[in-house]
Amino acid sequence: MDTSFPSFPLAELHSHLSTSIKPSVYWQIAQAQGFKLPKRDYKEFIDYITLSTDKRMDLNDYFEKIYHPLLDKLSSGTYAVEKATYEIMTGAYRNNIKLIELRSNPMKHNQGGDIDLDHVIMAQLRGMERALLEHDDLSAGLIFCMAREFDFGMNHVIVEKAIKYKRRGVVGIDIAGPGNPEFRIDEYTRLVQRAKSEGLKVTVHTGEAEDTDDMFEVVEKLKPDRIGHGIKAAKDKSLMKALLKQNIVLEICPLSNIVTNAVKDLAEMKSILRTFLDNGVKFTINTDWPEVIEGAHLWRQYALLYQEKIMSEEELKACNQAAFASTFIPTGGLNAYL
Ligand SMILES: [Zn+2]
């Protein structure tokens, strides 16, 4: 077996700020600011925030117990946001990722509104610029996530901020977060259209867990460029047809789906991916939460899919090429934003 696979430069299109920060960096951020942590021992802290195929947690449980109360809180404020973004992007580069889109909801990193949103965003841009200065063959860009649990007014502000900073490296918008019966796609068609007309690209988390099962509506009404996850489409021929017709690319995050119980195991993931391949649905391989899932770095997920004979070398190379082809980032590294 070829143990050097994958040796080619990778593109990461779907990773979140809070779940892409290495535990050691979280530890430094916490210590530098005197944050009280739920675990005082470093190893216990890592175990507390990390999931694995043997330690799973439903998506919403992780959101409620770890993600929002701890990870978002620790990665809030200008110091944390700048350091985290810089460390994530340079760390990705050292793992042979030459293109990285990093997503976050700036309103979840402003210490509950105490820090001015523009300061938070500029801190993130500074972190990204430092990474781009260090590696001139790195491409990077930010995606701002609206939240299903936010009201329209708050989400509107996020989109306006994305538009405001588009020349500095904000390349797209997303809708993320747990399902919410109050959240109505219809309310967002004009706002998403406005972002598109300003040159931003659009991706939406949908077709992942049961409670975000509004995938058809998202496809029909928001017409996104890409979809985060979208694995539910493998069970729905008409949905796959709609994806093909609109040339929508899926951002598949294999291990994330398994550790949050959206997918039972690798066998089910294989059946989903083979269905997409058989039907010509375009997809890319991503991490979602590379630092809080054991063994989830992008190259390791490529290696896993290859070694477990879920996809062939050629198919995985094609996925990576599809990621480079469907990125929201303009070519030119740092120069793209100057
Ligand atoms: Zn995600």
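Because the model is predicted, local features need pLDDT of at least 70 and side-chain atom pairs count only at pLDDT 80 or more, while totals for chains, interfaces and linings use all residues. Residues are numbered from 1 along each chain as its sequence is written.

Eight strands, in the order β1-β2-β3-β4-β5-β6-β7-β8, form an open sheet with parallel pairing. Strands here are DSSP runs of E with at least two residues, helices are runs of H or I with at least four residues, and both are numbered from the N terminus. Two strands pair if DSSP finds at least two bridges between them. At the edges stand β1 (10–16) and β8 (283–285), each of which pairs on one side only. From one strand to the next the twist averages 25 degrees; axes are lines fitted to C-alpha atoms, for helices over the stretch in contact, and angles run from 0 to 180 degrees between N-to-C directions.

Within this sheet, β1 is joined by five bridges to the parallel strand β2 (residues 97–104), and S15 has L102 in β2 as its bridge partner. Six bridges then join β2 to β3, and these two strands also run parallel. In this pairing R103 stands opposite I143 of β3. Eight of the nine residues of β3 are buried, so this strand is largely enclosed by the rest of the structure. A residue is buried if 20 or more other C-beta atoms lie within 10 Å of its own, exposed if 12 or fewer, and partly exposed in between, with C-beta atoms placed from the backbone.

K98 belongs to strand β2 and counts as partly exposed because it has 18 C-beta neighbours inside 10 Å. Not counting residues up to four places away in sequence, K98 touches P9, L10, A11, D137, L138 and S139, where contact requires C-beta atoms, placed from the backbone, to lie within 7 Å.

A nonpolar core is a set of buried Ala, Val, Leu, Ile, Met, Phe, Trp, Tyr and Cys residues joined through C-beta atoms within 7 Å. The largest one has 95 residues, of which M89, A140, F144, A162 and I173 touch the most other members. Helix α4 (residues 78–94) gives the most to this core, with eight residues. In soluble globular proteins, nonpolar side chains tend to be buried together. Helix α4 lies across β1, β2 and β3 and runs at about 150 degrees to β2. Leaving aside neighbours within four places in sequence, M89 is in contact with I100, L102, M128, A131, L138 and A140.

Helix α6 (residues 152–164) has 13 residues and reaches 18 Å from its first C-alpha to its last, close to the 18 Å expected at 1.5 Å a residue; the expected span is 1.5 Å times one less than the number of residues. N155, I158 and A162 are buried in α6. These residues cover an arc of only 55 degrees around the axis, which puts them on the same side of α6; the arc is that of the directions from the helix axis to the C-beta atoms. An α-helix has 3.6 residues a turn, so residues three or four places apart point the same way. The buried residues of α6 pack against β3 (139–147), β4 (170–176) and α7 (189–197).

In helix α8 (residues 215–222), the residues M215, V218, V219 and L222 are buried. Their arc around the axis is only 110 degrees, which puts them on the same side of α8. They pack against α7, β5 (201–206), β6 (226–229) and α9. Just after α8, K223 takes a positive phi of about 45 degrees.

Further backbone features deserve mention. N247, in the loop between α9 (237–245) and β7 (249–252), has a positive phi of about 55 degrees although it is not a glycine. N247 counts as exposed because it has 10 C-beta neighbours inside 10 Å. D288, in the loop between β8 and α12 (298–307), is likewise not a glycine and has a positive phi near 70 degrees. With 28 C-beta neighbours inside 10 Å, D288 counts as buried.

Conventions
Contact = placed C-beta atoms within 7 Å.
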